[in-house]
Amino acid sequence: MFNAETIRKEFPILDTCIYGKPLVYLDSGATAQKPRRVIDKINSLHTSCNANIHRGAHYMSNACTSEYEEARERIRAFIHAPNVRNIVFTSGATASINLVAASYGEAFIRKGDEIIVSQMEHHSNIVPWQLLCQRTGAVLKMLPFNEEGAIEMERYEQLLSEKTRIVAITQASNVLGTMPPLRKIIDLAHAAKAVVLVDGCQGIVHAPVNVEELDCDFYVFSGHKLYGPTGTGVLYAKEKWLEAMPPYMGGGDMVGRVSFERTTYAELPLKFEAGTTNYIGMIGLGEAIAFLNTLDLPSVHAHERRLLAYASERLNAIDGLRIYGTVPGKCSIVSFNVEGLHPLDVGMILDKTGVAVRTGTHCAEPVMARYGITSMVRASFALYNTIEEIDALGKSVELAIQMLR
Amino acid sequence: MTINEIQEEIIDEFSSFDDWMDKYNYLIELSKELPIMDNAYKTESYLIQGCQSRVWIHAELQNGKIRYTADSDAIIAKGLIALLVRVLDNHSPEEILNTDLYFIDKIGMKENLTPTRANGLLSMIKQMKMYALAFKNR
């Protein structure tokens, strides 16, 4: 049975006090805290085994290379990709999406083609597609969501056409927590001969991922939200696309042979890993996955769902408080506003009580616009959060209301 | 009163507060006392960039002194700007430009001065000094 109190001991930062009060960290949707073994791994590499990977003829280089490739294998297994050739390491989900937009876009997107992007996407899954449209003359189509925060599937079917080339959709909205019906979205896209990119940043933290079963063409996520280091990211792509896509960046490690007349490229996935990558970070992410593999993930996810249910109930009991995103089966993210109060004021008072939440647009201005507002307060829960911490959140929100009204 | 005399006065007021809640309650109170800004100035051109809340600042020169009016849709940000208006309002551009706003640190609000801070205190100060610079060079 999963016990959050026990798991908290693995996260040294959670013992921190803020303004003399125990930290209540409810901003894991922005970045998750790191377990000790990830921190120790990075430290031990820097203190006892650091050398650049893939090219060295010496002990440490070989040791780092094999740990790096071991991390790739762990990540492959974690998302159930068929082969390590499908797993490209990047600096984060943003870099992964930009890679696909630039490289797949160069190979396959032409004037008049259409790209469907949902209204609940993070800016990172909107702007790269906008840039691609500006470069090529393709057209961006917005797939809307309804008042509850569910994707409007009827609209989706109307938007899909023989012009559709790409559908970009989140696995879980970073504001609403909504987890769209990916299976159906992907099947419909494929029937229209379009490819699908899934943004797994929030989703991979709260739900199992099986890219082969999903049959998505691209799946991206960031390491730092999955208890790994910052500056780490993954792009999963079907091999046929990675083979057909031109390199995104040129540089060391991505080449076969180089001459001024002609350069050949390295095998997959190294073709897309130009320059010295964040190999220590990626080994750290491999360690985070190893940490997760020691846990019973279904009971971790059940714990997060309990936190979500309790938080929704606790916050809904507060007069004038509205939660945005109420679709059943959403992940453990609660965005809200209190009538008459500015979210920034609420956030600043919560901060003073040791409760860390996020306020603002959450890099999803179209979501704010959908509700006709400019910002929200967001509490997001990870495996180390507890029911007591949600009580602390509830009390702090009540205090904020008392002070600000 | 000189700018520094006002700063000392504010430091003195805040010194009687025991904890953050007293300070924030005082800021909330100050936000309610800030003179109402003419709605004509609550436009894009007077909006400060870089704040999560909306903050408008207007300034005009009267008899060689700058008169500031300001508003915000967030209460704590408005309390902070009320303090700034109290310190800098009705002084000459030179005085304002040469001022070191040391009171912010002394009243325990320094944490609000980091560049990424969402309430944009730093942007507010910059904007108020920009007005002073513009009036001085006129």
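Helices (H or I, at least four residues) and strands (E, at least two) are DSSP runs, numbered from the N terminus. The structure is a predicted model, in which local features need pLDDT of at least 70, side-chain atom pairs count only at pLDDT 80 or more, and totals for chains, interfaces and linings use all residues. Residues are numbered from 1 along each chain as its sequence is written, while chains are lettered from A and ligands numbered from 1 in the order in which they are written.

**Exercise 1.** Describe the make-up of chain B and state why it is called as compact as a globular protein of its length.

*Solution.* Step 1: chain B contains six helices and two strands. Along the sequence they follow the pattern α-α-β-β-α-α-α-α.

Step 2: the radius of gyration, taken over C-alpha atoms, is compared with the globule rule, 2.2 Å times the number of residues to the power 0.38. For the 138 residues of chain B the rule gives 14 Å, and the radius of gyration is 14 Å, so chain B is as compact as a globular protein of that length.

Step 3: along the principal axes, the C-alpha atoms of chain B fill a box of roughly 45 × 30 × 25 Å.

**Exercise 2.** Determine the strand order of the open sheet in chain A and identify its edges.

*Solution.* Step 1: two strands pair if DSSP finds at least two bridges between them. Seven strands of chain A form the open sheet in the order 4-10-9-8-7-5-6, with mixed pairing.

Step 2: strand 4 (87-90) and strand 6 (139-143) of chain A each have a single partner strand, so one side of each is left without a neighbour in the sheet.

Step 3: strand 5 (residues 114-118) of chain A runs parallel to strand 6 of chain A, and five bridges join them. A:Glu114 has A:Val139, in strand 6 of chain A, as its bridge partner.

**Exercise 3.** Check the length of helix 3 (residues 59-79) of chain A and list its buried residues.

*Solution.* Step 1: the expected span of a helix is 1.5 Å times one less than its number of residues. The 21 residues of helix 3 of chain A should therefore span 30 Å, and its end C-alpha atoms are 31 Å apart, which agrees.

Step 2: a residue is buried if 20 or more other C-beta atoms, placed from the backbone, lie within 10 Å of its own. In helix 3 of chain A the buried residues are A:Cys64, A:Glu67, A:Ala71, A:Arg72, A:Ile75, A:Arg76, A:Phe78 and A:Ile79.

Step 3: just after helix 3 of chain A, A:His80 takes a positive phi of about 55°.

Terms used: Buried ≥ 20, exposed ≤ 12 C-beta atoms within 10 Å, placed from the backbone.
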